[in-house]
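Hi there,

Here is the structure I promised to pass on. Have a look, and then read on for what a cavity search turned up.

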Amino acid sequence: MRTLFHSIPHTHPLYYVALLATVAAGIGILALLQALPTRLRRPLIALVTFLGGLYYAAEFFIPTGWGVHKGVDGNFLSPYFDKVANISSVLGSFSIGLGVFSLIGMHLRIASRRRESWGFSLMLLISFVAMTIFTLLNEYAGKSVVIPSVAGHSSITNHDIYVVLFNGGLASLDSAMFALIGFFIISASYRAFRIRSVEATLLMASAIIVMLGQVTLGSWLTGGLPSHGPLAFFRFENMSEYILVHLNAPAQRAVTFGLALGVLATSLRLWLSLERGLYFDQE
Amino acid sequence: MSADYLHHLLLPKLLLGAIGTIAILSLVFRENKLYRLFEHVFLGLATGYGLATTWTQVLRPKWWDPMVGGGEWIWILAAPLGLMFYGVYTKKFAWMARLIFGLYFGLAAGTVFQGFAEEYVPQIRASFKPLIAHGAVTAAMAVNNWIFVIILICVLVYFFFAFEQNSAVIKRSASAGRVMLMIAFGAIFGSTIMIREALLIDRIRFLLIEWLQLGHIFR
Amino acid sequence: MDNNVWQKLQSIDPRALYVVVLVMISASIVLPGLTLPIIPGQQSKDAFNAVVKAANTPGSKFMLVSGWWSASTRGENDPQTRAILTHLMRLHVPFGVLSFDPQNPQLMDNIETSLAQKYGYVYGRDYINFGYQVAPAQTLKGIVTNMKGTLKTDWHSKPLETFPVMANVNSIKDVAAVIDITPVSSLDAWLGLVVQKYHTPFIYVPTAVMAPEGYPYRDSGQVAGIVIGVKGAGDYETLLGVKMQGTQVSTALSMVYALIILLVIVGNIGYHGARRAAALQAAGEGRGQS
């Protein structure tokens with residue numbers, strides 16, 4: 001098998017023969033799959049799902065030392081982690097087009113048919129094209145001049161435009177989008193946090209202590225208390241640390257145990273194609 | 001206003017960032033066209049960047065270069081297999097997309113099996129804490145350990161849905177677990193506020209210090 | 001008190017609140033002298049000491065810095081990254097940056113480049129940026145046994161074998177510590193798939209909202225220290241003896257927290273006052289009828 005997939009220098013004619021043969025084989029496989037009877041599709045999907053998980057599951061359960069020389073870590077499947085990672089990365093990267101096609105397709109339709117707010121869709125398309133082009137140009141021709149120097153001003157290169165688009169555009173806008181939530185938290189705290197029960201009181205008390213323990217204001221408020229001794233416990237930063245380490249941690253661990261068992265069970269069901277629902281029951 | 005300051009204010013990178021930030025933050029006062037414009041620009045930039053980066057940092061070094069420069073012809077098989085994702089856009093080939101998604105479900109499940117023992121066995125081991133003050137374990141540590149174990153058991157009992165919680169002991173433990181969860185959620189809520197406000201403060205800082213350089217005036 | 005007062009306490013225009021918060025933040029950032037001293041927390045101290053210990057253990061000093069963040073959480077993760085990388089460069093520790101978000105390599109590069117100039121770090125000799133990785137779980141599993149085979153190139157597609165910093169780094173065995181700077185739940189991936197095999201020290205640098213879930217792992221010793229959000233960045237800067245963004249925003253954060261606590265109290269006073277007034281009014285009407 002290693003000889004069969006041995007690399008061939010791209011200057012050799014056999015390389016192109018192998019390439020074309022593999023493309024033909026790939027298309028042939030797809031045609032064969034499409035020609036399969038419909039009733040065989042779900043079992044085939046289940047088989048592929050099982051094979052997908054089999055490598056990692058088998059590598060985990062097969063004892064260390066099987067099929068390898070003495071002193072080597074792992075078993076005969078362990079040396080292929082990097083190859084599986086590369087195949088997963090490459091195949092997964094091909095799916096980038098899914099989101100791109102959907103978004104760009106939708107806005108292309110709006111812009112081309114001059115529907116409501118088509119101007120915004122046009123701007124989206126322009127920014128998409130600009131960012132794509134200048135990110136690629138930055139990588140492969142970053143120093144190439146786009147606008148030569150004029151009247152004492154320095155020239156503008158692909159890299160300069162990329163920096164404006166990334167740092168000034170994408171990064172700033174991304175940060176600002178999430179910064180909006182800061183405002184809404186303030187109005188939510190004011191309008192929605194009503195203490196109506198014992199549990200709500202405990203929740204707010206715990207939140208306030210942890211909040212004050214996280215900021216310099218809390219340290220300043222209880223700064224008069226000694227930093228050692230029994231009274232030191234009542235400094236906000238110490239109370240906050242106590243809540244997080246001794247009260248929050250065991251609760252989080254218990255939740256983690258429950259989640260872990262749930263994730264394990266769901267993973268097993270996914271691997272063995274036992275899941276049911278709208279997606280899994282499709283023909 | 002000096003020429004240098006004006007030049008700094010008008011630097012494209014900073015000016016675009018500042019106008020964009022103000023446009024996005026203006027949403028809290030009122031929905032407006034400037035916000036919608038920059039929202040669309042952001043979407044376009046993010047999509048374009050994701051696409052270009054996937055090529056430059058993943059597909060090119062891990063697929064194209066080994067296939068073309070390294071002579072590894074077998075990598076061409078990734079193209080028809082990768083095209084299977086796009087079967088979702090057609091009725092006829094939609095099932096093929098489920099084939100390749102199934103492969104990734106399997107891979108994800110496999111990595112869960114790999115990581116489960118390594119991650120959770122130390123957690124289980126660490127839950128068995130010394131409860132009696134002896135040797136290196138002081139009285140204060142023993143008290144804290146009791147609190148830890150009691151909270152852990154009560155919260156675990158709260159999440160037991162496999163049987164009916166009829167016994168008084170179980171019911172009270174579950175109630176205590178619920179109370180302890182409120183304290184934990186309070187801690188999470190307190191932490192959530194920090195991140196949200198930190199993001200807002202960062203943007204204000206960008207506008208006032210990096211763009212307008214107001215920090216210099218008052219120092 | 002008139003019921004109107006209680007209702008008014010509960011219905012302050014949110015836009016007025018936004019203006020107040022903007023003014024408070026602006027004042028605390030711009031005006032000098034409005035600073036309160038930072039007292040580093042125990043978790044930050046543990047993380048700091050863990051990095052120092054890893055840098056002083058015999059053998060490879062190479063550290064892996066993993067970044068899952070994008071500009072959306074830059075307010076917390078950027079100061080954390082600056083503090084951590086400042087520390088690594090001061091300790092003369094070689095490091096590699098592994099990214100799991102498309103924006104992260106460029107954001108990390110912005111920070112690396114600015115700090116490298118200050119500390120005389122040279123790309124390729126002292127540090128490297130591995131670029132964006134798709135399929136995080138599979139990639140992390142791959143670097144356990146074969147880092148060069150899994151990652152292959154740096155973020156500009158140059159083979160890893162050509163970089164002096166990677167000369168003796170072949171797998172996770174050659175990594176002195178892993179520092180994970182993240183806004184997502186990445187603990188499972190690192191702890192389950194990578195660090196437990198050779199007990200590589202793991203320092204967790206999450207945004208504040210992810211921090212509480214790190215405490216059980218801190219308790220079990222799987223995590224050597226936690227640098228929590230922008231507060232942790234400020235702590236770390238204090239331990240380093242520098243004043244960067246983490247320190248600069250600490251006062252602003254305090255003022256916003258004070259405002260939020262005040263608003264919660266005011267809102268609840270209005271709510272309970274209105275309830276009490278309504279109950280009294282109902283009782284009065286009932287007596288009147290009878």
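The lining of the second largest cavity is made up of eight nonpolar, no polar and no charged residues (Ala, Val, Leu, Ile, Met, Phe, Trp, Tyr, Cys and Pro count as nonpolar, Asp, Glu, Lys and Arg as charged, the others, Gly among them, as polar). Please keep in mind that this is a predicted model, where local features need pLDDT of at least 70 and side-chain atom pairs pLDDT 80 or more, while totals for chains, interfaces and linings use all residues. Residues are numbered from 1 along each chain as its sequence is written, chains are lettered from A in the order in which they are written, and side-chain values use heavy atoms, without hydrogens and water.

That cavity has a volume of about 30 Å³ (the space filled by probe spheres set on grid points joined across faces, edges and corners). A cavity here is a set of points, on a 1 Å grid over the protein atoms alone, where a 1.4 Å probe fits but cannot get out; lining residues have an atom within 4 Å of a point. Its lining includes A:Met204, B:Phe189 and C:Ile260. H7 (198–214) of chain A, H7 (168–211) of chain B and H12 of chain C each give at least two lining residues (helices are DSSP runs of H or I, at least four residues, numbered from the N terminus).

And the largest cavity? It holds about 100 Å³ of space. Among its 15 lining residues, A:Gln214, A:Val215, A:Thr216, C:Lys231 and C:Ser250 are the closest to its centre. H10(C) supplies the largest share of that lining, four residues. By class, the lining has six nonpolar, six polar and three charged residues.

Best wishes

Note on methods. On a 1 Å grid over the protein atoms alone, a cavity is a set of points where a 1.4 Å probe fits but cannot get out, and a pocket is an open set with protein on both sides within 12 Å along at least five of seven lines; lining residues have an atom within 4 Å of a point.
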